[in-house]
Amino acid sequence: MQALIAELHAARAHTRRVADDLGGAREFGPRLPIVNPPRWELGHVGWFQEFWCLRRGGGGESILPNADALYNSATVAHDERWRLPLPSFPSTLEYRDEVLRRVIERVRAGGEPDLAYFARLATRHEDMHAEAFHYTRQTLGYPAPQLPAPGGFPGNRVSGDAELPGGRFELGARPGPQFAFDNEKWSHPVILAPFRMSRTAVTNAEYLGFVEAGGYRRREYWSDEGWAWKDRTEPLYWRGSTLRRFDRRVPIPPDEPIVHVSWYEAEAYCRFAGRRLPTEAEWEYAASFDPVSRMKRRYPWGDDAWTTALANLEGGALASVHGYPRGDSAFGLRQMIGNVWEWTASTFLPYPGFVRDPYQEYSEPWFGTHKVLRGGSFATPSRVVHAAFRNFYTPDRADIFAGFRTCAR
Ligand SMILES: [Fe+2]
């Protein structure tokens, strides 16, 4: 119980740091399909927690009259969110925090066996919105949130590919005490051929090679869809030798991972480099399999919980791809968790025997149209991500904190 309460508090503390200063001139922002108005999104975080933890999917009254009509993301169309009669910014934060107070009260009181599941669901939902606030700030050129800079865990320079023998692997989450989303359930055997995977994510320096070779203008690197999508000659936020990071322009850091690339750009880079994206099964195996014990780990480094020395998560900035050597996977792959999300070749699909969980809109509507990303970014709260966690976005999205790593053909 104490651990759950600590998790609820930690998720809220993180949200406050990334979003609670978005009131005033920033609380609505431009009406773009890839962002939400902060005033709405903060209320939605509170509403979701109330809906599942205090109302179990819509029963009973909300603390806030008419809350479902304002904040239910399944029914309130995206561009409506700028036009609703929302409470003021301070009242929105009050509502959100009153919900948390009541949830904690009920966790303390006990006697609701399913409350822990819904409380964990709500913290993860909140954590994902925290990352969305974070990339919204990048999208709109706002200052970076006040979060700790990466701890400075430099590593030896790593390069080249690791050799992975493949074989039988149990893909997906294993039943147990840990929270799992429906789309991770349950682990099931897959057979992998031997493959070679890059020890690091693709760096800015490597990606610059593609840009300088005219990669954005050469048709042969792009799929039909990618070519039709492409409206740029360099990555989003790049301009020559600088890139925009929140509200500043900085020289492109050569050893940081390329970030803010769409799946189409990852695909085109791979064609240029004579490489390919890993499948999500290859990715998860590479991140979690221990060839000595032949067991699967929860994280690349083992089953121990995350610490700041193991991976760049829930922080303020990207780090070099060579850092965090203590977080290496058993195969010697670096930063499979943290720093940047990694696009995979895989389309987001249900695992065999998929059954929807109570939050039905989480996974099922997106099967077949989204691509899978793995591993979390510097902005991902540590509670969310582990080796079997599947994130998913449409292949055109470059605004998220996404990069990729490659495999040999
Ligand atoms: Fe949501």
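# Talking through the model

Colleague: R244 is found in strand β6, residues 242–245. Leaving aside neighbours within four places in sequence, which residues is R244 in contact with?
Modeller: First, the caveats: this is a predicted model, where local features need pLDDT of at least 70, side-chain atom pairs count only at pLDDT 80 or more, and totals for chains, interfaces and linings use all residues. Residues are numbered from 1 along each chain as its sequence is written, and side-chain values use heavy atoms, with hydrogens and water left out. Taking contact as heavy atoms within 4.5 Å, R244 meets Q138, T139, G141, Y237 and R249.

Colleague: How many Å separate the C-alpha atoms of R244 and T233?
Modeller: Along the chain, R244 and T233 are 11 residues apart.

Colleague: Zooming out, how many helices and strands does the protein chain have?
Modeller: Both are DSSP runs numbered from the N terminus (helices are H or I, at least four residues; strands are E, at least two). Counted that way, the protein chain has nine helices and 15 strands.

Colleague: What is the radius of gyration of the protein chain?
Modeller: It's taken over C-alpha atoms, and the globule rule is 2.2 Å times the number of residues to the power 0.38. For 409 residues that rule gives 22 Å, and the chain comes close to it, so it is as compact as a globular protein of that length. The C-alpha trace spans about 60 × 50 × 40 Å along its principal axes. The radius of gyration itself is 21 Å.

Colleague: Of the 409 residues, what percentage count as buried?
Modeller: Buried means under 20% relative accessible area, exposed over 50%, and partly exposed in between (1.4 Å probe, protein chains only). Under that cut-off, the buried share of the protein chain is 59%.

Colleague: Which helix has nine of its nine residues buried?
Modeller: E280, W283 and Y285 are among its buried residues. The helix covers residues 280–288, and with nine of nine buried it is largely enclosed by the rest of the structure, so the one you want is α9.

Colleague: On to the metal. Which residues are the protein donors of the iron ion?
Modeller: Donors are N, O and S atoms within 2.8 Å of the metal (3.2 Å for Na, K and Ca), and water is not among the atoms, so sites may look incomplete. In sequence the donor residues are spaced H-x80-H-x3-H. Each gives its NE2, lying 2.1 to 2.2 Å from the iron ion, and the three are H44, H125 and H129.

Colleague: What separates H125 and H129 within helix α5?
Modeller: Both are buried, H125 with a relative accessible area of 8% and H129 at 14%. They are four residues apart in α5 (residues 115–140), which means the separation is about one helical turn.

Colleague: How many residues does the largest nonpolar core have?
Modeller: A nonpolar core is a set of buried Ala, Val, Leu, Ile, Met, Phe, Trp, Tyr and Cys residues joined through side-chain atoms within 4.5 Å. In the largest one, Y71, Y207, W343 and F404 have the most contacts inside it. It draws at least three residues from each of domain 1 (2–140) and domain 2 (147–409), the bounds coming from an automatic or database domain assignment. The size of this largest core is 84 residues.

Colleague: How far apart do the C-alpha centres of domain 1 and domain 2 lie?
Modeller: The two domains do touch: the contact takes 24 residues from domain 1 and 30 residues from domain 2. Their C-alpha centres lie apart by 27 Å.

Colleague: What is the phi of N339, which is not a glycine?
Modeller: N339 sits in the loop between β10 (295–296) and β11 (341–347), and at 1% relative accessibility it counts as buried. H260, in the loop between β7 (248–251) and α8 (263–273), also has a positive phi, of about 65°. For N339, phi is positive at about 75°.
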